[in-house]
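Reader: I would like to read this model feature by feature. Please give me the general idea, then the case at hand.

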Amino acid sequence: MQSYLVPEPAGKLIYRCLGCGAEYGIEKLLYTCPNCGKVLLLHDPAFDRLKKISGSTWRQIFDYRKMLNIPALQGIYRFHEFVGPILPLDVVVYLGEGNTPIIESNARLQETAGARIFFKNDGQNPSASFKDRGMASALSYIQYLIRQGHVSEILAVCASTGDTSASAALYASFLQPHVKSAVLLPHKKVTPQQLGQPLGSGAAVFEIPGVFDDCMKIVEALSENYNVALLNSKNAWRILGQESYSYEIAQYFEYDLADKVVVVPIGNAGNITAVINGFLKFYETGIIDHLPKIIGVQSEHANPVYRYYLEPDPDKRHFEPVYVKPSVAQAAMIGNPVSMPRVIHLVEKYNQIAGYQRIYVAEVTEQQIMDWQLTANRNGHVICTHGGECLAGLVSAIERGLVERHEEVILDSTAHALKFSGFQEMYFEDSFPPEYGVTPKPELINAPELIRPADLEAVPEPGRPLSGAKLDRFVARMAEEIAKILDLKKVSV
Ligand SMILES: *Cc1c(COP(=O)(O)O)cnc(C)c1O
Ligand SMILES: [Zn+2]
């Protein structure tokens with residue numbers, strides 16, 4: 001075991017086309033198959049070497065690695081052999097991503113939701129979303145190409161619903177001066193926080209009329225016609241890094257994933273692709289003995305994957321992109337997910353290996369997303385709207401009989417609540433535009449209260465502090481007023 005603790009570059013990675021099966025070397029950055037145009041996945045043709053090490057040895061390796069003080073092994077590359085076996089550790093870009101906490105929710109929330117639930121808070125990544133897992137992978141690979149002399153100056157581009165660009169710009173800025181970044185965002189369809197992030201990292205930021213799907217078309221044209229590195233999840237390196245999410249869940253639950261359910265939101269479908277692939281790889285190497293149930297969740301305002309799987313007969317299924325409507329799960333507001341062919345391929349494989357259906361897709365309303373997010377926030381969780389979407393999806397799955405009482409559920413909060421605080425504000429102020437269809441529940445609304453007793457002649461103002469008797473009176477009167485509102489009892493002296 002000891003000789004495996006600090007990984008050395010090994011194995012091989014190639015791009016494999018999901019359409020025609022063609023394989024390509026990775027010396028060049030490829031996003032789609034030059035032969036048939038379909039999406040690619042990275043494949044390790046020497047993967048079977050990992051099966052020569054027993055599942056229990058792997059478990060020990062990962063558990064020991066957790067204790068090592070080596071930065072490159074503290075994030076996603078704790079699972080080096082699975083997320084980037086060819087990379088030497090000195091090219092790893094580690095900004096603190098991965099290893100995010102899994103928090104069991106309190107009894108009250110579990111009772112309300114109807115299941116034993118845990119949140120995996122991927123909002124606690126450096127740019128406050130799970131995208132950092134994939135970006136650490138993509139940029140570590142780019143750093144590898146730079147060190148090898150294959151490339152010198154790189155312009156990294158992406159289209160984004162907000163978080164991809166925040167993450168891409170952050171990781172690219174770390175590799176200055178070799179890597180610069182340009183991001184395309186749908187005009188007015190990202191939150192101010194998400195817009196501020198790439199600006200702060202120094203990226204060239206372009207706002208595009210339309211929705212994400214329109215931005216995606218433009219960066220695809222850029223990546224086909226110009227010499228740029230595409231950082232969307234079409235880039236298979238992103239998927240590879242995001243698989244770490246599954247590995248961390250396995251490790252947290254001591255590799256026992258029997259009766260576990262993992263719930264993830266679906267937008268461009270890169271995340272669910274990675275989650276499925278990750279569990280498959282750990283299962284194939286005997287590190288886990290059970291494939292957990294996976295539930296993907298979509299809002300009814302952006303639900304092409306849900307609609308695809310409504311048809312029970314796989315032979316009759318037909319993928320139809322949808323035109324999205326405004327959604328509070330804004331980072332998942334995507335009508336034509338780039339990774340759909342990967343999902344179709346991997347869902348079939350997953351169910352086949354498990355021997356029965358293990359992957360489901362749930363649909364939720366905007367109202368349910370907001371209500372459940374705020375309910376979770378009120379019970380100690382910093383989950384974002386997409387975390388709320390997962391919780392709402394779980395509740396819907398329980399209603400449909402897809403989740404049983406004895407099962408334990410891990411909900412993916414893909415970003416930090418603060419990125420989407422504008423939606424909370426709209427909820428609290430009842431100012432949602434009608435197309436969202438969200439009506440606030442009075443018991444979930446909260447608002448600040450200005451305390452300004454009419455009988456108080458002086459209050460502090462900027463540059464004009466109070467002192468002496470005026471200050472004493474101000475403090476006493478304000479405390480009295482707050483105590484009255486809160487119905488506080490006086491302590492007896
Ligand atoms: C990107 C993103 C999603 C959607 O993930 P996909 O991989 O596009 O399916 C969900 N939530 C957040 C916060 C995101 O940033
Ligand atoms: Zn092909």
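Author: We take the sheet, the ligand site and then some backbone geometry. Keep in mind that this is a predicted model.

Reader: What is the strand order in the open sheet of 4 strands, and what is the pairing?

Author: Start with the general idea. Strands of a sheet pair through backbone hydrogen bonds, in either a parallel or an antiparallel sense. Here the order is β8-β7-β6-β9, and the pairing is parallel.

Reader: Which strands stand at the edges?

Author: β8 (204-208) and β9 (229-230). Each has a single partner strand, so one side of each lacks a neighbour in the sheet.

Reader: How many bridges join β6 and β9?

Author: Strand β6, residues 154-159, pairs with β9 over 2 bridges, in the parallel sense. For a residue to look at, take alanine 156: it stands opposite alanine 229 in β9.

Reader: Which strands does helix α7 lie across?

Author: Helix α7 covers residues 212-225. It lies across β6, β7 (179-186), β8 and β9. Relative to β7, helix α7 runs at about 145°.

Reader: Now the ligand. Which residues come nearest to ligand 1?

Author: There are 14 residues around ligand 1. Lys131, Asp163, Asn268, Asn271 and Thr414 come nearest.

Reader: On to the backbone. Where is the cis peptide bond?

Author: The general idea: most peptide bonds are trans, and most residues other than glycine have a negative phi. In this model a cis bond joins glutamine 176 and proline 177, with omega about 0°. Proline 177 sits in the loop between α5 (163-174) and β7.

Reader: What is the phi of aspartate 430, and what is that of aspartate 487?

Author: Aspartate 430 has phi near 50°, a positive value in a residue other than glycine. Aspartate 487 has a positive phi of about 55°.

Reader: Where do these two aspartates lie?

Author: Aspartate 430 is in the loop between α15 (421-428) and α16 (468-486). Aspartate 487 is in the segment after α16.

Reader: Is aspartate 430 buried or exposed? And aspartate 487, buried or exposed?

Author: Aspartate 430 is exposed, at 52% relative accessible area. Aspartate 487 also counts as exposed, at 57% relative accessibility.

Definitions and conventions
Residues are numbered from 1 along each chain as its sequence is written. Chains are lettered from A and ligands numbered from 1 in the order in which they are written. This is a predicted model: local features need pLDDT of at least 70, side-chain atom pairs count only at pLDDT 80 or more; totals for chains, interfaces and linings use all residues. Side-chain values use heavy atoms; hydrogens and water are left out. Two strands pair if DSSP finds at least two bridges between them. Contact means heavy atoms within 4.5 Å. Axes are lines fitted to C-alpha atoms, for helices over the stretch in contact, and angles run from 0 to 180 degrees between N-to-C directions. A residue is near a molecule or strand if one of its heavy atoms lies within 4 Å of it. Buried means under 20% relative accessible area, exposed over 50%, partly exposed in between (1.4 Å probe, protein chains only).
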